[in-house]
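Here are my notes on this one, written for someone new to reading structures. Have the model open while you go through them.

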Amino acid sequence: MDKATINGTVIAYDDRGEGDVLVLLHGFCGSSAYFERIVPDLSKEFRVITPDLRGHGLSDAPMGAYTIEQMADDINGLLDTLGVSQYTLIGHSLGGYVTLSLVQRYASQLKGFGLLHSTGYPDSEEAKEKRLKAVSTIQAEGITTFVDGLVPGLFAKDNLEKLASEVTRVKEIGYRTPPQGAAGVAMAMRERPDRTDVMSAAALPLLLIAGENDAVIPAEKTFTAKGSHVTEAVIPGAGHMSMYEAPEKLTEVITAFMKQL
């Protein structure tokens, strides 16, 4: 992976392929490795850039709480550094929250955007409490214990046994998350605003992808924008991790969206 220093923070990224630029942003306690099953095919047709978000992977993980806006600015700065002026952006879960912040503030640079198992809604009061519990668990018991509790719930129940090696792989990626990074990002998610209006108001093509059996962010929380600019896709049999549960189908959906832009 390559690295760039953006506003004093080192952001690691992978940059493959040629053509129209597609930027993929991973979810919480993940990294650019989350897309390892789909980037090889996507990069045959597009230039695919997959950063490690602040607090994750090989990127810097400063102490303290982060904001979604800060994480979006990291990505905007990275793309400026790489000389990318027009791109399509798709964010998985946490990456979707960062995506909406970028759309809200840097829309002129975007050709289109997408949410993958993500939502424009803010955390509910119950979810905000869970963020605080997550931070407590990470601080008291460590990232390994937290990730072991987190990952099984990301997969559809029917896939836990038959995709056991994929579940293990996602845990391995999660173990590499710096504890202070996971805690900082949990607080960023807790404080994020409602951005459902950004999805409806954006004059850009929008791809919304939901897993048929996603228990984390069900389809009704993803499909909140309507209009001729919106493309909806449900990944059959997938939970919150279609990148591992149905990579071929996900690649097909993303490729079709990119080709219509």
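**Notes on the model**

1. Start with the buried residues of α3: Leu 94, Gly 95, Gly 96, Tyr 97, Val 98, Thr 99, Leu 100, Ser 101, Leu 102, Val 103 and Tyr 106. Buried means under 20% relative accessible area, while exposed is over 50% and partly exposed is in between (1.4 Å probe, protein chains only). With 11 of its 13 residues buried, α3 is largely enclosed by the rest of the structure.

2. A word on the ground rules: this is a predicted model, where local features need pLDDT of at least 70 and side-chain atom pairs count only at pLDDT 80 or more, while totals for chains, interfaces and linings use all residues. Residues are numbered from 1 along each chain as its sequence is written, and side-chain values use heavy atoms, with hydrogens and water left out.

3. Back to α3, which covers residues 94-106. Helices (H or I, at least four residues) and strands (E, at least two) are DSSP runs, numbered from the N terminus. From first C-alpha to last, α3 reaches 18 Å, close to the 18 Å expected at 1.5 Å a residue; that expected span is 1.5 Å times one less than the number of residues.

4. Now the inside. The largest nonpolar core has 82 residues, and Leu 94 and Val 98 have the most contacts within it. α3 gives the most to this core, with 7 residues. Such a core is a set of buried Ala, Val, Leu, Ile, Met, Phe, Trp, Tyr and Cys residues joined through side-chain atoms within 4.5 Å.

5. Which residues does Val 98 touch, not counting those up to four places away in sequence? They are Leu 25, Leu 53, Ile 68, Met 71, Ala 72 and Ile 75. Contact here means heavy atoms within 4.5 Å.

6. Have a look at His 117, in the loop between β6 (110-116) and α4 (125-141). Its relative accessible area is 0%, so His 117 is buried. Its side chain makes a polar contact with the side chain of Ser 242, at 2.8 Å. That term means a pair of N or O atoms within 3.5 Å; within protein, one must be able to donate a hydrogen and the other to accept it, and residues adjacent in sequence count only if both atoms are side-chain atoms.

7. Thr 88 sits in strand β5 (residues 87-92). At 2% relative accessibility, Thr 88 counts as buried too. Leaving aside neighbours within four places in sequence, Thr 88 has contacts that include Val 21, Lys 111, Phe 257 and Leu 261.
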